[in-house]
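User: I have a model open and would like to go through it with you. Can we start with the strands?
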Amino acid sequence: MAVSAPDLKAFLLATPFFGGLPEPSLDLLISMLVERRFDAGATVVAEGEQGRSMFIVKSGRLAVRKRANSGNVIPISALEPGDFFGEMTLIEMQNRSATVVAETPTALYELTAQKLYACYKADIHAYVIVLQNINRELCRRLRRADDRFMGQRMRDDN
């Protein structure tokens, strides 16, 4: 289902992914989004599968999980409206690094690698802003992971 809603711009501009985009660039990216819906319990992406798109959470709640070498499933994080995921496959062209499961009925906006490349060809300025926004979010996640790791190390040392 193609995306078109009057309040969509305000929602997207409030997300870390679309922040700082001028209106014409935002309009271009909105035209590239496709809305996807998932029932509670549905797997949106699976760890190890090939990825060719990323998602912005419109509504619902999702769980991000990774499988440990032991086979245990480890919860990584929760995603809520405004969050995005799947961007790593667009940057590094590797398989999905985690499984994402809808915990509640969920609506997502999907942006494919092909559409992101079309953005690059049509509006290099928007493309650079989007990549900067993705990089900022990846840095935030890395800092949180560092903090969790250090917190665990400090508990282990005590």
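User: How does strand β2 pair with β7, and over how many bridges?
Analyst: This is a predicted model. In it, β2 (residues 43-45) runs antiparallel to β7, and the pairing has two bridges.

User: Which residues of β7 sit on which face, and are they buried or exposed?
Analyst: Strand β7 spans residues 99-102.

User: Switching to aromatics. How many pairs are there in the whole structure?
Analyst: A search of the whole structure gives six aromatic pairs. For Phe 17 and Phe 84, the ring centres are 5.3 Å apart and the planes are at 70°, so this pair counts as edge-to-face.

User: Where do those two residues lie?
Analyst: Phe 17 is in the loop between α1 (8-13) and α2, while Phe 84 is in strand β6 (residues 84-85), so the pair ties together parts 67 residues apart in sequence.

User: Phe 17, buried or exposed?
Analyst: Buried, because its relative accessibility is 0%. Phe 84 is buried as well, at 1%. Ring pairs also bring in Phe 18, giving a cluster of Phe 17, Phe 18 and Phe 84.

User: What about the largest nonpolar core: which residues touch the most other members?
Analyst: That core has 23 residues, and the ones touching the most other members are Leu 12, Phe 17, Phe 18, Leu 21, Leu 29, Ile 56 and Leu 111. At least two residues each come from α1, α2, β3 (53-59), β8, α4 (113-122) and α5 (124-157). The largest share is from α5, with five residues.

User: What is Leu 29 in contact with?
Analyst: Beyond its neighbours within four places in sequence, Leu 29 is in contact with Phe 18, Leu 21, Leu 111, Cys 119 and Val 130.

User: Which residues are in the other core?
Analyst: A core of 13 residues lies apart from the largest one, and Val 44, Val 57, Phe 85 and Val 100 are among its members. As background, nonpolar side chains in soluble globular proteins tend to be buried together.

User: Next, Leu 26. Where is it?
Analyst: Leu 26 is in helix α2, residues 23-32. With a relative accessible area of 1%, Leu 26 is buried. Leaving aside neighbours within four places in sequence, Leu 26 is in contact with Lys 9, Leu 12, Leu 13, Phe 18 and Leu 21.

User: How far apart are the C-alpha atoms of Leu 26 and Leu 13?
Analyst: They are separated by 8.3 Å, and the two residues are 13 residues apart along the chain.

User: Last one, Glu 110. Buried or exposed?
Analyst: Buried. Its relative accessibility is 11%, and the cut-off for buried is under 20%. Glu 110 is in strand β8, residues 106-112.

User: What does its side chain make a polar contact with?
Analyst: The side chain of Ser 53, at 2.6 Å. Apart from neighbours within four places in sequence, the residues in contact with Glu 110 are Met 32, Leu 33, Val 34, Arg 36, Ser 53, Met 54 and Phe 55.

Key:
Residues numbered from 1 in each chain as written. Predicted model: local features only at pLDDT ≥ 70, side-chain atom pairs only at ≥ 80, totals over all residues. Heavy atoms only, no water. Helix = DSSP H or I, 4+ residues; strand = E, 2+ residues; numbered from the N terminus. Buried < 20%, exposed > 50% of the residue type's maximum accessible area, 1.4 Å probe, protein only. Polar contact = N/O pair within 3.5 Å; in protein donor to acceptor, adjacent residues only side chain to side chain. Contact = heavy atoms within 4.5 Å. Pairing = 2+ DSSP bridges. Phe/Tyr/Trp six-rings, centres within 6.5 Å; stacked < 30°, edge-to-face > 60°. Core = buried A, V, L, I, M, F, W, Y, C linked by side-chain atoms within 4.5 Å.
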